Amino acid sequence: MTNTDLKALELLFQRPLEPVFTTRDQGKVVLELPDSFYTDRYRNDTVAVSNRFSQDVDLKIPVQELANKPNLDFAKKLGRKNQFSLFNDRHKEIASQLITLFMGAPNLKQFVALAAYTKDRLNPVLFQYSYAVAIAHRPDTREVPITNISQVFPSNFVEPSVFRDAREEAAVIGDSGERIHVDIPRNYTASDREDEQRLAYFREDIGVNSHHWHWHLVYPTTGPMEVVNKDRRGELFYYMHHQILARYNVERFCNNLKRLQPLNNLRIEVPEGYFPKILSSVNNRTYPARVSNQLLKDVDREDATIEIGEVERWRDRVLAAIDQGFVEDASGNRTPLDDVQGIDILGNMIEASPVLSINSQFYGNLHNQGHTIISFAHDPDARHLEEFGVMGDVTTAMRDPIFYRWHGFIDSIFNKFKARLDPYNAAQLGFDGVSVTYVEAKIGKGNARPNTLLTYWQKSSADLAAGLDFGPSADGNIFASFTHLQNAPFTYTFNVTNNGARRTGTCRIFICPKVDERNQPLRLEDQRLMAIEMDKFTVELLPGENTVRRQSTESSVAIPFERSFRPIGAAYQPKAADELARFRFCGCGWPQHLLLPKGNAQGMLFDLFVMISDYSQDSVQQPNTPNDACSTAYSFCGLKDKLYPDRRTMGFPFDRRLPNANLTELVGSFQNMAKTDLRIVFNDRVVDKP
């Protein structure tokens with residue numbers, strides 16, 4: 001790959017609504033297009049337009065003519081100003097064809113040309129999604145950084161008045177170094193009269209919603225088989241969302257709210273209203289609101305038709321399959337739902353992927369069509385010509401309280417399957433000769449109290465320039481400041497005794513809430529379902545005593561703040577090769593600033609649980625593919641082009657019933673486990689990010 005190829009591909013993430021011939025990279029670079037690439041609107045003005053935007057640029061990148069112009073009629077049903085939804089069957093099919101087209105480009109230069117040609121002829125969100133999927137999966141684009149979606153379409157994440165302030169600042173103050181940071185307001189979607197607003201810092205966090213988008217980019221449901229059919233994809237759909245729900249329920253306890261009630265009945269009123277107050281990037285309209293006590297109805301629209309009764313039939317068929325212990329394909333062949341493949345089969349069937357579901361005609365599209373029904377609650381028959389609400393968009397769905405109730409229901413189906421499996425036995429849980437004798441988590445300050453961790457508010461900034469289309473040549477950065485939860489970095493220290501020869505183990509760290517919102521002790525089954533995975537890593541155990549130390553910033557769940565909100569442009573990219581590789585690939589992962597639950601002012605109590613399992617039962621024989629530059633968040637995101645790096649079922653040992661009455665009894669029965677009380681203290685103050 002030449003530098004200009006890489007640069008051209010990177011530039012196509014910037015200013016997604018502007019024609020491809022306008023300047024990018026802060027006005028320094030322009031793509032030189034063949035005349036045939038210009039749309040009908042500009043075809044008669046190609047010379048004038050080209051001359052206007054090619055003046056005073058540092059770099060002109062010529063784009064190769066296409067050997068064959070693609071027929072894009074398949075995408076006409078989705079207009080450029082319509083919303084694009086990954087939950088909509090028609091939209092997914094269009095995206096599938098576009099991804100296939102991009103993946104089929106014969107070489108890099110033709111891929112650049114194909115992307116440049118199609119960009120201005122397609123729905124902008126459809127293009128950005130399909131283009132990003134292709135970038136993530138083509139073998140010749142491994143070095144191309146995928147820009148965070150919050151910087152491509154910032155209006156999906158930020159309160160709209162911020163953009164007026166940002167454009168004013170850019171227009172008036174020419175030197176970006178002198179521009180002030182524009183503040184994104186806190187708690188702008190509801191007042192404190194709405195109890196659910198206590199969780200707005202979690203639901204509306206930019207990093208959380210960016211992670212959700214990026215996960216669905218890495219694990220699309222449609223497209224070429226080599227893009228869709230990834231190792232344990234269905235299980236990962238279950239586990240990633242299960243962990244989000246565990247974290248959400250614990251955050252509810254931190255804020256004196258009871259655990260969520262699954263949305264298991266689509267025929268009763270939904271008490272939670274939601275008024276998102278954010279703009280759609282493609283049509284500049286606000287995402288529609290859902291009033292309190294809204295009744296859900298059948299959806300009957302030109303591009304989406306679904307009856308609640310059909311969703312209920314799919315639900316009943318999936319539940320019946322779990323009760324019977326098998327699923328049937330279209331020919332009546334039965335596949336058992338066993339303890340190895342069962343959860344993966346169910347995940348692909350429920351989400352659902354039409355190319356991976358064992359029988360999509362019969363078991364349907366439960367998860368996605370639930371999103372569709374909820375997202376059109378305000379206008380199910382299009383009589384008011386409103387688009388879908390935030391539940392119809394993977395970049396915004398997690399903002400809505402109903403997302404967690406709907407996924408609470410989906411999770412209950414997976415949990416029903418897990419409850420059918422036998423509890424783990426001693427052979428599966430134990431690791432003979434290995435004892436965990438001491439467990440500690442401690443923040444970095446020398447006089448810090450062991451097992452007392454700290455959270456607080458932090459004010460940080462993100463650059464909006466790349467996503468501000470048709471702005472005042474934003475040439476330079478336009479930063480917005482926002483306030484989010486943060487945790488003080490801490491270190492785990494474990495003492496482990498190995499009474500045998502040198503061997504390898506897998507260290508598994510979870511925190512489990514001890515009490516609910518009423519300060520009542522939780523049963524082991526409740527702790528199991530709300531166990532939060534904090535980290536997982538291999539350890540080499542020498543004979544005798546071993547001390548294991550691990551930084552919280554090394555978590556296998558999370559990605560650092562800088563990877564969620566990285567600045568645009570080469571000037572901000574690391575120079576070292578390994579750091580540059582991680583910078584480019586690591587967009588998928590839970591945000592590090594939300595690694596810890598909020599806790600409370602008094603100090604919320606958790607069980608810090610540590611287990612060392614036998615690596616010989618955990619290890620996976622990986623294919624001979626290049627090492628993944630980003631392995632830090634593999635618990636939620638897997639490894640690029642490799643198998644999931646843990647043979648055990650995701651969430652082990654808390655994914656299935658346990659053979660003991662409580663957590664104390666469990667760790668007392670197995671020397672390779674230990675726990676200690678952990679207190680998370682929330683300090684209600686705002687600290688500026690250094």
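Tyr 238 has a relative accessibility of 2%, so it counts as buried; buried here means under 20% relative accessible area, exposed over 50% and partly exposed in between, with a 1.4 Å probe and protein chains only. Tyr 239 is buried as well, with a relative accessible area of 2%.

A word on the source. This is a predicted model, where local features need pLDDT of at least 70 and side-chain atom pairs count only at pLDDT 80 or more, while totals for chains, interfaces and linings use all residues. Residues are numbered from 1 along each chain as its sequence is written, and side-chain values use heavy atoms, with hydrogens and water left out.

Now the rings. The structure holds 35 aromatic pairs. Rings of Phe, Tyr and Trp (its six-membered ring) pair if their centres lie within 6.5 Å; planes under 30 degrees apart are stacked, over 60 edge-to-face, the rest tilted. Phe 13 and Tyr 131 have ring centres 4.9 Å apart and planes at 50 degrees, so this pair is tilted. Phe 13 lies in the loop between α1 (3-11) and β1 (29-32), and Tyr 131 in helix α5 (residues 124-137), so the pair ties together parts 118 residues apart in sequence. Helices (H or I, at least four residues) and strands (E, at least two) are DSSP runs, numbered from the N terminus. Both Phe 13 and Tyr 131 are buried.

Back to Tyr 238 and Tyr 239: their ring centres are 6.4 Å apart and the planes at 55 degrees, so that pair is tilted. Both belong to one aromatic cluster, whose members include Phe 202, Trp 215 and Trp 590.

Last, a charge. The charged end of Arg 138 sits over the ring of Phe 111, 4.6 Å from its centre; the criterion is NZ of Lys or CZ of Arg within 6 Å of the ring centre and within 35 degrees of the ring normal.
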